[in-house]
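Thank you all for making time this morning.

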Amino acid sequence: MKLKIYHLKSGGLAIGHLNRIKMDAIKMLVFLVTSINMTSCESFLEIDAPKNKLISETVFEDASTVESALANIYYKMREQGMVSGNFGLSVSMGAYADELDYYGRNTNLLNIYNHGITAYDPTVLSWWNQAYNLIYAANDIIQGMDKATTLNVEDRERFKGQALFVRAFVHSLLVGLYGDIPYITTKNYIENGAVSRMPIHTVYEEIINDLNGAIGLLDDGNVGERVVPTRSAAKALLARIYLYHGDWELAEVTAGDVIGTRMLETDISKVFLKNASETLWQLKPGGPSIKNTQEAQRLIITAIPTQGYALSNNLLTAFEDGDLRRTYWVGSITSADGLTTLYFAHKYKQTINTTTQSLEYSILFRLAEQYLIRAEARAHLGDIMGAQGDINTLRNRAGLGDTTASTKEELLDAVLHERQVELFTEQGHRWFDLNRFDKANDVLSPIKPNWKSTNVLLPIPGNDLEANPNLKPQNLGY
């Protein structure tokens, strides 16, 4: 069996070619991919063009192969790109913002920390390309489910619902980082190679449409370990997008729907365990030596020197006295000479190979964010008591008294503060918050010598601009 793969190229295009593969070989390939826990880095869905039409359609007639294709998407999220705990948003944008200080010597990571990114930065390019690779794979499933004839209705709906969610989720991260972007809804590589960027508000509308479609197809049924998106996860993202889009009423209602379906974890020390009650969606570790999270592997400091990231003073001073989040979610280490003490994110306690079984999964959505979304929406709507109640739910769990904020402006400041100490080093929340609250320049310019106001957006990869002029103009400052 000869398999030739062409990696993702400009515009998020993934083009694959399969030569003379029989149908039983296809099924065997999927079986092998599944049996090794998705350790291959290539996507089973990198199939395109007329020669492969029959193969692609055959894949989508078997529920097990579609499940493997979706599992490969989640695998790639965990291992690569923006979502991964290994130099994804949690780490890189934590350093880009004011959560993390970087002590290493890696040039690429220093460029992120010091705001020295250019249009040809490898991180910018890899995030962009990997994201559109995921979107391409999701589109393949969406179109495959529309044409599948042998799958039952229930399977078709849940597969399509998951793929719609993935497409919306990945686009939501891209638009937050790059601003105007293409919204890709086809796997046609010729069309995708000539796409244009859409205004941010149009991208949000497309995301909302996809999420409403996903919500209509998904259910919460037996959510188990919550390692695949459910209706609650889709509503959680929808509430976030409504908030970002300024649709306060819809943000409040949608977040309230999610809050009504789950229970907040009362014990703050258990929030990041794999069975925490408030988790809405998480990625399961995989591989023979990966038992826990890459976030812990990257953020926990085990020795000084040799440390990579440490929590910044800006974050440490944001915690109030007696905040249990500071007690349980922040660790520290002191050098052998006793002269240096550094603090690190300790939400996840176990590095990837420290236990014989997985105790922690990488959490992408959890209920606490929904309380903060609803609090912010209620503040904008003038519901002072409602906003206070949502803020107090999290403050009280953290061992703090009720908020003293009593006006719209005070409540919005209180929400931003609670988001800072509740969601730190989680999927770039702090960066997105500083940006949408229009506070990035005020907060970062005093502490980041190379900061420029245009750094609120990352550059569109230069190679893609050269290959597809429709992506121009470049973001300001690059």
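Predicted model: local features only at pLDDT ≥ 70, side-chain atom pairs only at ≥ 80, totals over all residues.

The chain holds 20 helices and 8 strands, and, among contacts with a separation of 6 or more, 72% are between residues 24 or more positions apart.

Let me turn to one residue in helix α16, which spans residues 384-397, namely Asp 390. Asp 390 counts as buried because its relative accessibility is 2%, which lies under the 20% cut-off. Its side chain makes a polar contact, at 3.1 Å, with the side chain of Arg 378, and, leaving aside neighbours within four places in sequence, Asp 390 is also in contact with Tyr 371, Arg 374 and Ala 375.

Now to the backbone, where most residues other than glycine have a negative phi, and most peptide bonds are trans. Ile 304 and Pro 305 are joined by a cis peptide bond with omega about 0°, and Pro 305 lies in the loop between α12 and β5. The bond from Lys 472 to Pro 473 is cis as well, with omega near 10°, and Pro 473 sits in the segment after α20.

Which residues have a positive phi without being glycine? One is Phe 87, with phi near 70°, in the loop between α3 and α4; another is Asp 438, at about 60°, which is exposed at 66% relative accessibility.

Methods: Residues numbered from 1 in each chain as written. Heavy atoms only, no water. Helix = DSSP H or I, 4+ residues; strand = E, 2+ residues; numbered from the N terminus. Contact = heavy atoms within 4.5 Å. Buried < 20%, exposed > 50% of the residue type's maximum accessible area, 1.4 Å probe, protein only. Polar contact = N/O pair within 3.5 Å; in protein donor to acceptor, adjacent residues only side chain to side chain.
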